[in-house]
Amino acid sequence: MEQQHNSVTALMEAISGMSGEEFIFHKVHDNVYVRKCYGIEALTTLILEACNGVTMLTASAAILLDSSPSREILELQVREAWQLLRHLVPGIACQTLKLPSARPTSLEDVGTWADQTTFFDDSVVPFYEKHEQIRNNRWWNCVEPHYNAELHVSPLETSSSWQFSLTAPHNSIDGRGGFALLELFFEFLTSVIEKRAQPTSEIKWGEEVSRLPPPGPLATSFAKTGLPLESPKTPAPTSAEVENQAAPAMVPWIIPAVTIRDDVQGDIGRVVKFSPETTAKIHAACKEHGRTITQIVSALVILANTEAALKLAGQTGEEHYKHVSDGFSNSTHYLIAMNSISQRHKLPGGYDSFISPTSSPLCAVDSLPLFFPMDAIRKLVKPEATKRTALREVDHDQFWNGLVNDMAAVWKAIDVSLEAYFTRQAAMHDHRRSHNLLRWRPWPAQHLNAYLPSATRKTLTVEDVVASTRNNIPLFMTLFYQYNDQLSLNFSVGEKFATAESLRLVADIFEEWTMAVI
């Protein structure tokens with residue numbers, strides 16, 4: 001496996017010949033501004049092209065309006081709020097591979113954009129089902145002349161309840177950012193409904209191009225030096241980090257894919273949503289053992305995926321089970337090859353916020369692989385060859401002091417500084433490297449708290465949220481987030497490689513392990 005760490009000098013040589021201006025929005029002809037994608041932006045664009053929309057992210061919210069506007073009135077209010085969001089965060093109006101942004105010169109230009117990016121559907125569909133429909137059916141290749149974000153609105157079963165879904169390619173959105181944009185949109189929608197919003201006709205359209213930010217990895221250099229490709233002084237990685245990232249002796253457990261259908265290209269999803277009481281117990285257990293929610297949820301997801309993989313392999317057949325169980329027994333590490341780490345909150349120069357004068361990169365996440373030792377996993381889940389299944393060994397001490405400790409140790413060895421963010425993203429930008437997409441780490445996100453359900457009467461209340469990425473590949477992806485004191489996990493997998501029953505098995509095992517160890 002190719003080593004993840006190169007010197008900054010080597011990385012700069014790999015991207016030599018690229019003008020710094022290419023990665024900063026600049027005017028190329030009348031009212032058109034462009035910059036090139038960088039790092040994870042470029043990688044996710046390539047993945048989306050190669051894998052029929054994989055990494056397309058959709059964030060949805062179910063809302064209740066205090067008033068009961070007609071569909072026609074709400075549509076006008078939504079278009080106005082959407083235009084106000086565009087003025088604040090102009091990046092949502094970019095399009096195509098090089099992210100060109102045409103500067104509007106009039107309200108009519110902005111109205112045309114709103115017409116092309118807002119969609120009302122009058123059919124009444126349950127919240128989670130509608131979210132999955134949009135995630136599966138609304139995706140596009142980045143080389144198409146298509147704006148980078150769409151807003152979908154549809155009624156829910158309850159009177160005055162509506163579903164809002166924001167969808168965009170991952171090069172132009174990340175998990176936390178998706179919820180943050182919905183939060184800003186609802187602020188504008190509330191102000192429009194309450195008739196206190198700035199009229200869009202009074203806005204000086206075109207000035208917002210100053211809020212088109214550089215790529216996240218280059219924002220630090222640009223804020224400090226004005227040079228987007230200035231080499232940071234990155235310390236050499238620690239030996240523990242190098243070992244975690246690319247130790248040559250590591251043998252990761254790779255589960256071979258089995259195709260069960262050739263006539264589909266979508267995905268299937270399942271949401272596990274804990275009650276407020278169970279969520280509180282999970283947080284209390286984390287506090288008691290001095291661990292983070294990310295560490296415990298990651299451990300539980302690994303156990304669920306492991307146990308389900310062995311059981312599903314047994315259902316496939318003896319030969320496949322032997323292949324999977326032998327790999328489980330003989331591998332040294334469990335690989336999560338593409339983990340997201342939010343960097344937005346660290347960015348200097350105002351690039352940490354969508355509401356600052358500079359705005360913030362729409363995709364501001366780092367990505368790196370993690371390798372977790374298999375020993376602790378093998379003490380909790382064991383193959384049972386005679387019945388071609390898996391045995392669960394619930395051991396609190398082994399879970400907390402073995403597996404979760406391993407999670408914490410691996411994370412502690414990772415350099416999550418802005419300098420390391422640049423280093424990893426520069427390596428990712430070198431397209432000569434081999435990229436192997438295997439699994440996504442869950443990401444926690446808390447937004448929209450101003451719109452929590454309460455006894456106090458509100459113009460707009462957010463009753464539920466869900467987020468997921470399009471995933472038609474054979475590996476289970478997991479996202480997690482918390483809203484209204486309820487922890488939720490969204491599991492997904494390509495329907496070409498699994499069934500709804502397979503995904504239900506993973507989710508059920510996850511819930512069972514959770515209740516067993518908290």
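**Cysteines and a strand pair in a predicted model**

Cys 94 is buried in this predicted model, with a relative accessible area of 3%.

Me: How many disulfides does the chain have?
Reply: A disulfide requires two cysteine sulfur atoms within 2.5 Å. The cysteine sulfur closest to that of Cys 94 belongs to Cys 37, and at 9.6 Å it is too far for a bond. By this rule the count of disulfides is 0.

Me: Is Cys 51 buried, partly exposed or exposed?
Reply: A residue is buried under 20% relative accessible area and exposed over 50%. The relative accessible area of Cys 51 is 24%. Cys 51 is therefore classed between those limits, as partly exposed.

Me: Which residue of S13 stands opposite Ala 62?
Reply: Strand S3 covers residues 57-65 and pairs with S13 in the antiparallel sense, over 9 bridges. S13 itself spans residues 460-469. Opposite Ala 62, the residue in S13 is Asp 464.

Me: How many of the 10 residues of strand S13 are buried?
Reply: The chain has 15 helices and 15 strands. Across its 518 residues, 58% count as buried. Strand S13 is mostly covered, and its number of buried residues is 9.

Me: Among contacts between residues at least 6 apart in sequence, what percentage join residues at least 24 apart?
Reply: A contact here means heavy atoms within 4.5 Å. Of the chain's contacts between residues at least 6 apart in sequence, the share joining residues at least 24 apart is 79%.

Definitions and conventions:
Residues numbered from 1 in each chain as written. Predicted model: local features only at pLDDT ≥ 70, side-chain atom pairs only at ≥ 80, totals over all residues. Heavy atoms only, no water. Helix = DSSP H or I, 4+ residues; strand = E, 2+ residues; numbered from the N terminus. Buried < 20%, exposed > 50% of the residue type's maximum accessible area, 1.4 Å probe, protein only. Pairing = 2+ DSSP bridges.
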